[in-house]
Amino acid sequence: MAEYVLTATKNNARAGSFYDRIEGLYDLTFKLNGYGRSLDQYFEAHHLPVFPGASVLDAGCGTGTLTLALLRNLKVPVKLTAIDLSASSMATAKKYVDKSNSSQQPVRFAQGNVLALPFADEAFDLVLTSGVLEYLPLDEGLSELARVIAPGGHLLHLPMRPTPITTLLEMLFRFKTHPPHEVAETTDRYFQVVSHYRFPRFQAISWSKSAVLAQKFYVGSADVPSGLAGQ
Ligand SMILES: C[S@@+](CC[C@H](N)C(=O)[O-])C[C@H]1O[C@@H](n2cnc3c(N)ncnc32)[C@H](O)[C@@H]1O
């Protein structure tokens, strides 16, 4: 069994992250499996909950596949930030963005730890994250993402789901898939799920991921789910 790489704790992120060594392999694997095209189809079918000037964060952008898909599909200008632990992954993402960002939408890149985001509370209207929380304790990761999302703002999370293909990917990329019931329960602690999307079976991404769009509670408002009211 491959070692599970816990990339960081809240107070300590490893210098020279695992992804600084393997970003080339990761980038190639996810180019070959059509991840970017599947994301395009998701964004075409699902209206992104953003407005002009919204603050958007790609938390754990890696080599930028999700960042680029977002840029291709944005209909309004936003303030986009992409963060990752791995400097070399971010350099690759930045190179791709500089090359193909036809909308000229500026992207601010920053090196940082998803467990200790260098942003103020409620700084973002939308946070996207894919393939990152599987390297971290789930509750700590989701609570930190919730901290930086404004009430009523959204999280688009693409959790890994347990399948034989995922087991292979776990060995290759040394992550640990969180059990789906834990993802659902932990998400419900901070957010209200808006939709849970299963990619079409013929798309390779469907063999390992799904997409959950969730909205952060308006604290104290009628939108707090009844089960949590008064807690
Ligand atoms: C599987 S890749 C996913 C990249 C990208 N989100 C995508 O969908 O293609 C995982 C990324 O998470 C980053 N990562 C892992 N732990 C992190 C942490 N604690 N803080 C920030 N980034 C982290 C890694 O450096 C790597 O780039």
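Mentor: This is a predicted model, in which local features need pLDDT of at least 70 and side-chain atom pairs count only at pLDDT 80 or more, while totals for chains, interfaces and linings use all residues. Residues are numbered from 1 along each chain as its sequence is written.

Trainee: In what order do the seven strands form the open sheet?

Mentor: Strands are DSSP runs of E with at least two residues, helices runs of H or I with at least four, both numbered from the N terminus. Two strands pair if DSSP finds at least two bridges between them. The pairing here is mixed, and the order is β3-β2-β1-β4-β5-β7-β6.

Trainee: Which strands stand at the edges of the sheet?

Mentor: An edge strand here has a single partner strand, so one side of it is left without a neighbour in the sheet. The two are β3 (107-111) and β6 (191-197).

Trainee: Is α3 roughly parallel or roughly antiparallel to α4?

Mentor: Axes are lines fitted to C-alpha atoms over the stretch in contact, and angles run from 0 to 180 degrees between N-to-C directions. α3 and helix α4 (residues 87-100) pack at about 20°, with their axes 9 Å apart. Angles under 35 degrees count as roughly parallel, over 145 as roughly antiparallel, 65 to 115 as roughly perpendicular and the rest as oblique. That makes α3, relative to α4, roughly parallel.
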